[in-house]
Amino acid sequence: SEKLGPHHIDPLDAQINLARCLLKQGQYDDAISVYGKALPEIQKAFGEEHTTFIAVLKDLAYCYEKEADTERSIFLYESVLCLRHKVLGESHPDTVAILKKLGDLCETAGKHEKAVEFFGCLCDILMRNLGEKHPGTISAMFDMGHNYYELEAYQEAAIIFHKVYDARCEVLGEEHDDTLFSLSKFAAALADLGEYQMAIDYYNK
């Protein structure tokens with residue numbers, strides 16, 4: 001059989017490199033086609049827990065996201081989350097980043113119940129590792145509150161928005177735009193609960 005020279009490029013590497021070039025060029029549909037063909041071969045060669053498989057799966061999810069195929073994108077990102085959780089652990093920055101991505105995607109798609117779940121998990125992890133006053137924790141908490149609000153779960157939303165407001169007052173100061181926005185969201189939730197006078201008092205703060 002013919003021996004491969006030192007400059008031989010592995011066909012699988014070539015496929016992955018081609019797909020990444022297509023992705024970088026914004027040719028997402030073509031990238032999906034190439035990644036789709038390469039993925040089973042990568043799984044067979046390396047296994048699901050190999051970094052190459054996980055990276056390609058994430059790239060494929062991103063391509064579907066850019067093609068506005070939200071259902072498939074979420075499904076693939078969830079697979080990435082499971083693998084990263086297993087391989088890297090729940091607190092690894094790459095795992096945390098996918099949790100945030102899934103929360104954002106579900107929120108945009110109107111899947112607010114799932115968004116609450118993802119942002120809730122994100123809050124728990126960030127609170128344990130960074131503390132409740134870290135900007136990332138506060139942001140995740142706000143996102144969870146927003147999705148509760150979109151579900152018309154105003155009681156839960158009000159409790160969370162109040163916590164976010166208190167935290168931002170302490171960290172950013174009372175006059176910061178993010179603090180004031182948190183205050184307005186808290187007041188809106190109070191109004192939706194029928195607590196009109198309390199809402200007025202907070203609006204006038």
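Trainee: Which element gives the most to the lining of the largest pocket?

Mentor: That is α8, with 5 residues. Helices are DSSP runs (H or I, at least four residues) and strands likewise (E, at least two), numbered from the N terminus. This is a predicted model, in which local features need pLDDT of at least 70, side-chain atom pairs count only at pLDDT 80 or more, and totals for chains, interfaces and linings use all residues. Residues are numbered from 1 along each chain as its sequence is written, and side-chain values use heavy atoms, with hydrogens and water left out.

Trainee: What makes a space a pocket, and what makes a residue part of its lining?

Mentor: On a 1 Å grid over the protein atoms alone, a pocket is an open set of points with protein on both sides within 12 Å along at least five of seven lines, whereas a cavity is a set where a 1.4 Å probe fits but cannot get out; lining residues have an atom within 4 Å of a point. The largest pocket has 13 lining residues, and M127, E132, M141, I160 and K163 lie nearest its centre. Two or more lining residues come from each of α6 (112-130), α7 (135-150) and α8 (154-171).

Trainee: How many residues of that lining are nonpolar, polar and charged?

Mentor: The lining has 7 nonpolar, 1 polar and 5 charged residues. Ala, Val, Leu, Ile, Met, Phe, Trp, Tyr, Cys and Pro count as nonpolar, Asp, Glu, Lys and Arg as charged, and the others, Gly among them, as polar.

Trainee: Why are α2 and α3 called roughly antiparallel?

Mentor: Helix α2 (residues 28-46) and helix α3 (residues 51-66) pack at about 160°, with axes 9 Å apart. Axes are lines fitted to C-alpha atoms, for helices over the stretch in contact, and angles run from 0 to 180 degrees between N-to-C directions. Angles under 35 degrees count as roughly parallel, over 145 as roughly antiparallel, 65 to 115 as roughly perpendicular and the rest as oblique. The pair is therefore roughly antiparallel.

Trainee: Which residues of α2 and α3 make the contact?

Mentor: Contact means heavy atoms within 4.5 Å. Among them are Y28, I32 and F46 of α2, and F53, L57 and K66 of α3. By class, the contact of α2 with α3 has 14 nonpolar, 2 polar and 2 charged residues.

Trainee: What makes α5 roughly parallel or antiparallel to α7?

Mentor: The axes of helix α5 (residues 93-108) and α7 cross at roughly 25° and come within 11 Å. That makes the two roughly parallel. Here K100, D104 and E107 of α5 meet D143, H146 and N147 of α7. This contact has no nonpolar, 2 polar and 4 charged residues.

Trainee: How do you know the direction of α6 against α7?

Mentor: Their axes come within 8 Å and cross at roughly 160°, so α6 is roughly antiparallel to α7. The contact includes F119 and M127 of α6 and M141 and Y148 of α7. Its residues divide into 12 nonpolar, 5 polar and 2 charged.
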